[in-house]
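This report describes a protein chain in plain terms. Please look at the sequence and the structure before reading on.

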Amino acid sequence: MKTRNWTWLFAVTLWCGVPACDTSSDDPAQYDDDNNTPGENNNTPGDNNNNAPDNNNNTPGDNNNNTPGDNNNNAPDNNNNTPGNNNNTPDDSDTPLPPLVDTPKEDFTETVNGVSSDMIFIEGGTFTLGCETAPCPADAAPVSGVVVSSYHIGKTEVTVALWNAVMDDNKTSFGGSSGSYTGMTWYDAMAFACQLRHLTGRNYHMTTEAEWEYAAKNHVSRLEKIGSGEEWAYNTWSGQHMGGTDPVGPQSGLHTQKTRRDAQNTADNITGRLIRSIEGTGPALRLAISAESDFPPGMVHPCDLKAPQMGEEPVNSYRDPRWVTGSNEKWGPAGSIAIGNFDVRVWEDGTAKVGNTNGQWFTSNNIAFVFVPTSGDLRKYAYIFLDDTQGSLISETSFMSGGFIGRIERQAADSVEKPTITGLKSGAELAAAAGPNYAMVDMVNIPASAKQQDPRLLDGPNQGWFQDNRSAGGVHHYRKDVDPDEFRFTVNQGGGSVMLANGEWFTVNNTFLRVTHASGYTADYLYAVDSSGTFYHNSFMAYERGDFRMFKKTDNNSEPFNATCGSICSDEIPKNQEASLYSRMDNGHSTFVPAPCPAGGCQ
């Protein structure tokens with residue numbers, strides 16, 4: 001991957017899950033700007049948009065039908081929840097699909113279990129995808145000559161009533177059964193489309209960006225709720241549109257940040273687009289059916305798209321077996337949200353090759369991969385595996401100096417001969433030589449002796465850690481204040497601020513960060529601080545698992561704060577506030593599963 005411009009990049013973040021990476025914005029790096037502050041369900045905090053946290057048509061946690069606080073059954077050592085599975089939807093993926101039914105090239109009404117929805121026929125055509133008249137939203141540069149084949153599109157967004165009818169569910173909303181359902185992740189939306197296929201015999205799918213924008217520009221009078229909220233798009237996030245015929249965007253179906261359309265608070269709601277964590281909730285869903293083919297070319301069938309599932313966490317050791325590739329595979333960057341270079345081959349005996357450099361490897365507590373080159377300094381990568389084939393990394397080495405930040409995947413590769421390393425050592429020996437911050441720790445029951453407060457995170461009374469997303473076109477900006485007695489982390493936009501994590505905190509081995517509110521609500525992250533003083537974190541939270549952010553220490557009341565979020569974030573975040581509204585949501589819990597100690601104990 002090319003090293004990206006630091007200013008642009010900083011505004012970005014790869015973080016996207018919620019608010020965080022939701023990077024609302026637009027994330028190139030996940031740019032955090034996701035435009036979705038936590039819980040805001042797609043609308044910026046405090047705005048009047050049907051889903052601002054203070055005005056949401058979803059009471060906090062009502063997406064889950066769980067009483068407040070019941071998502072706290074996610075004790076970190078007991079959390080097997082996979083990201084994106086918050087809806088307990090029926091899984092018919094292994095049931096043979098019924099025969100397709102003919103769909104007329106005209107408007108029609110679909111009725112499922114007594115609930116009807118209107119589908120509007122759109123004759124295909126050619127148009128310019130993107131913004132043609134200034135002022136334009138970020139990442140909306142126009143692409144002319146885009147061809148859209150004929151299709152049907154939902155007259156309105158999927159309602160709560162339709163969701164419940166299809167999914168045999170009982171979701172509720174302040175908007176009532178006719179209100180749009182906004183409690184779904186991208187994967188939940190795929191499960192919904194798949195279930196509709198089973199119930200109706202039609203190939204329903206989430207709209208692509210091209211389908212959505214063509215209808216919004218040319219047939220808006222026939223549609224409802226265009227311009228009033230945000231909607232999921234099928235496309236994987238990219239900073240620019242793809243042209244051609246029926247484009248589905250790069251990395252079709254890849255597990256990475258996705259795109260939201262009808263973006264609120266952008267220069268225009270039709271061409272505005274924002275990044276969204278694939279595990280985040282908030283956007284509504286508008287369905288489509290291709291009239292000329294089963295699906296747009298390159299689109300993955302909704303029934304084949306499911307959230308990554310982790311197996312059991314391997315026993316804590318100094319060599320996490322999930323890293324082993326052998327000679328015929330490697331770990332490399334996944335998708336467009338990656339910064340720096342990562343080309344890693346790992347052998348079971350401890351041999352490793354990073355790029356063209358040979359060396360050895362070990363892991364620490366199944367959260368840090370460490371490369372020990374034959375000469376030179378070791379490199380540590382804090383990692384979160386999403387499943388056995390993909391993960392997310394942050395590095396203490398700046399990506400400007402050979403480090404890496406972003407998603408990775410196991411890839412087939414040309415076979416290479418395993419390097420010959422003189423004096424191979426065990427993982428335990430390498431860790432001992434590396435120092436006490438690589439020692440094995442009982443992460444299930446973290447001992448007091450292992451709980452530290454990394455002094456590099458303290459920001460003092462006159463500064464805060466800030467992620468400024470202006471250069472990436474983002475509208476959400478993030479602040480952390482880290483004091484010995486309390487950690488606070490908020491997402492801010494306009495006149496609104498939403499708490500993401502707050503409470504007592506500790507670190508383990510300068511890698512693991514836990515923040516615990518007085519109520520018991522826990523947020524877990526991996527973190528790194530590079531030589532330039534940039535503070536990165538990688539999130540275990542279910543709404544953004546594997547999403548990262550980056551922060552710079554910034555003086556209170558200085559230009560970045562004043563220009564982005566004014567008084568709401570220009571000074572210290574007040575202490576002793578209530579727990580994050582995510583504490584009351586299904587996907588608000590930590591997904592961290594600690595590695596169990598080996599038979600002889602962690603040592």
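Strand β10 (residues 258–261) pairs with β11 in the antiparallel sense over four bridges. Two strands count as paired if DSSP finds at least two bridges between them. Strands (E, at least two residues) and helices (H or I, at least four residues) are DSSP runs, numbered from the N terminus. The model is predicted: local features need pLDDT of at least 70, side-chain atom pairs count only at pLDDT 80 or more, and totals for chains, interfaces and linings use all residues. Residues are numbered from 1 along each chain as its sequence is written, and side-chain values use heavy atoms, with hydrogens and water left out.

Within the pair, Thr 259 has Ile 275 of β11 as its bridge partner. Both strands belong to an open sheet of three strands in the order β9-β10-β11, with antiparallel pairing. β9 (231–236) and β11 (273–276) stand at the edges with a single partner strand each, so one side of each has no neighbour in the sheet. On average, neighbouring strands of this sheet are turned by 40° against each other, direction ignored. Helix α4 (residues 209–218) lies across β9, β10 and β11 and runs at about 10° to β10. Such angles run from 0 to 180 degrees between N-to-C directions, with axes fitted to C-alpha atoms, for helices over the stretch in contact.

## Two hairpins around β25

Strand β25 (residues 512–516) takes part in two hairpins, one with β24 and one with β26. The table lists both.

| Hairpin | Bridges | Residues between the strands | Residue in the turn with positive phi |
|---|---|---|---|
| β24 (residues 496–508) and β25 | five, antiparallel | three residues | Asn 509, about 55° |
| β25 and β26 (residues 522–529) | five, antiparallel | five residues | Gly 520, about 105° |

Val 508 stands opposite Phe 512 in β25, and Leu 513 has Tyr 525 of β26 as its bridge partner. Is β25 mostly covered or uncovered? It is mostly covered, with four of its five residues buried. Buried means under 20% relative accessible area, exposed means over 50%, and partly exposed lies in between (1.4 Å probe, protein chains only).

## Helix α3

Helix α3 (residues 186–200) has 15 residues, which at 1.5 Å a residue should span 21 Å; its end C-alpha atoms are 21 Å apart, which agrees. The expected span is 1.5 Å times one less than the number of residues. Of the 15 residues of α3, 14 are buried. At its start, a side-chain oxygen of Thr 185 comes within 3.3 Å of the backbone nitrogen of Tyr 187. After α3 comes Gly 201, with a positive phi near 80°.

## Thr 564

Thr 564 is in helix α6 (residues 559–564). Thr 564 counts as buried because its relative accessibility is 14%. Its side chain reaches the backbone oxygen of Pro 560 at 2.6 Å. Leaving aside neighbours within four places in sequence, Thr 564 is in contact (heavy atoms within 4.5 Å) with Phe 466, Asp 468, Arg 470, His 477 and Cys 569.

## The whole chain

The chain has six helices and 28 strands. Of its 603 residues, 61% count as buried. Among contacts between residues at least 6 apart in sequence, 67% join residues at least 24 apart.

Technical notes: A polar contact is a pair of N or O atoms within 3.5 Å; within protein, one must be able to donate a hydrogen and the other to accept it, and residues adjacent in sequence count only if both atoms are side-chain atoms.
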